[in-house]
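Hi,

Here is the structure I said I would pass on to you.

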Amino acid sequence: DAVLTCRIFDPSALRGPEGWRVQSQPYWSDSSGTALREYPIPPASVSREGTMKVDAISPAERAALIALYNSTGGPNWTNHTNWLGPEGTEGSWFGVTLDPYEEFVTEISLPNNHLVGQLPVELQNFSWLGYLDLSHNLLNGTIPPFTLQSIDEGATQLDLSNNTLSGTIPNELTFVHYLNLANNQLNGILPPFGDYEFFPIELNL
């Protein structure tokens, strides 16, 4: 479990002994009081001292990981160490990286790992997935609509190259900074890609 210090700027966000709750968006810090930043509020319990205890990633994000495993032949992956372990172990699943507080899935890296099947629609469940590499596998079907967003405001990266994906590129992927879809069977008109001031888009189609 992770314990975070929660500084609430709206006094009404905390209420009496019957149960504390957070209404406003907090700035969190580590135990030393450094690295303050703003995050969305995850499911968590808040103590009377204002300390927020985070138990695990959300059920929706866990369901997305399980859907990826089930839809791409997880039991037959080259490496599926710890996958489908109990709640709270997702950070130990091979190829999965969580944020420092273990609230969100931030990276999934499973290249050349014998993934066979289709990408699940549940990929849209990830709130702060900024890096996804499923290249050099045997993925087929279309790319479902989902977005990538980096929790530390860094560049987002998606690599689905060297599969047998077909169909068009979803508009939701136009805000990915690095996009590699080479050596697939995609077709159609390219969607309008975003204009980034700090992170130029790099395409490999």
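**The largest pocket**

Lining the largest pocket are Thr 97, Thr 106, Glu 107, Gly 130, Tyr 131, Ser 150, Ile 151, Asp 152, Gly 154, Ala 155 and Gln 157. A pocket here is an open set of points on a 1 Å grid over the protein atoms alone, with protein on both sides within 12 Å along at least five of seven lines, and lining residues have an atom within 4 Å of a point. This pocket has a volume of about 180 Å³, where volume is the space filled by probe spheres set on the points, and points are joined across faces, edges and corners. The probe is 1.4 Å. By class, the lining has 3 nonpolar, 6 polar and 2 charged residues. For those classes, Ala, Val, Leu, Ile, Met, Phe, Trp, Tyr, Cys and Pro count as nonpolar, Asp, Glu, Lys and Arg as charged, and the others, Gly among them, as polar.

Before you go further: this is a predicted model, where local features need pLDDT of at least 70 and side-chain atom pairs count only at pLDDT 80 or more, while totals for chains, interfaces and linings use all residues. Residues are numbered from 1 along each chain as its sequence is written, and side-chain values use heavy atoms, with hydrogens and water left out.

**Overall picture**

The protein has 1 helix and 15 strands (DSSP runs numbered from the N terminus: helices are H or I with at least four residues, strands are E with at least two). Of its 205 residues, 41% are buried (buried is under 20% relative accessible area, exposed over 50%, partly exposed in between, with a 1.4 Å probe and protein chains only). As for contacts (heavy atoms within 4.5 Å), 46% of those between residues at least 6 apart in sequence join residues at least 24 apart.

**The core**

The largest nonpolar core holds 32 residues, and Leu 65, Trp 83, Val 105, Ile 108, Leu 134 and Leu 158 touch the most other members. Such a core is a set of buried Ala, Val, Leu, Ile, Met, Phe, Trp, Tyr and Cys residues joined through side-chain atoms within 4.5 Å. Helix H1 (59-71), strand E6 (96-98) and strand E7 (105-109) each give two or more residues to this core, and H1 has the largest share, with 4. Leaving aside residues up to four places away in sequence, Ile 108 touches several others, including Leu 65, Phe 126 and Leu 134.

**A few single residues**

- Val 116 sits in strand E8 (residues 116-118) and is partly exposed at 36% relative accessibility. Its C-alpha atom is 4.7 Å from that of Leu 138, 22 residues apart along the chain.
- Asn 180 belongs to strand E13 (residues 178-180) and is buried, at 8% relative accessible area. A polar atom of its side chain lies 3.1 Å from the backbone nitrogen of Ala 182.
- Glu 102, in the loop between E6 and E7, has a positive phi of about 55 degrees although it is not a glycine.
- Asn 183 is in the loop between E13 and strand E14 (185-186). Its phi is also positive, near 60 degrees, and Asn 183 is exposed at 54% relative accessibility.
- Ser 92 lies in the loop between H1 and E6 and touches Thr 81 and Asn 82, not counting residues up to four places away in sequence.

Cheers

Definitions and conventions:
A polar contact is a pair of N or O atoms within 3.5 Å; within protein, one must be able to donate a hydrogen and the other to accept it, and residues adjacent in sequence count only if both atoms are side-chain atoms.
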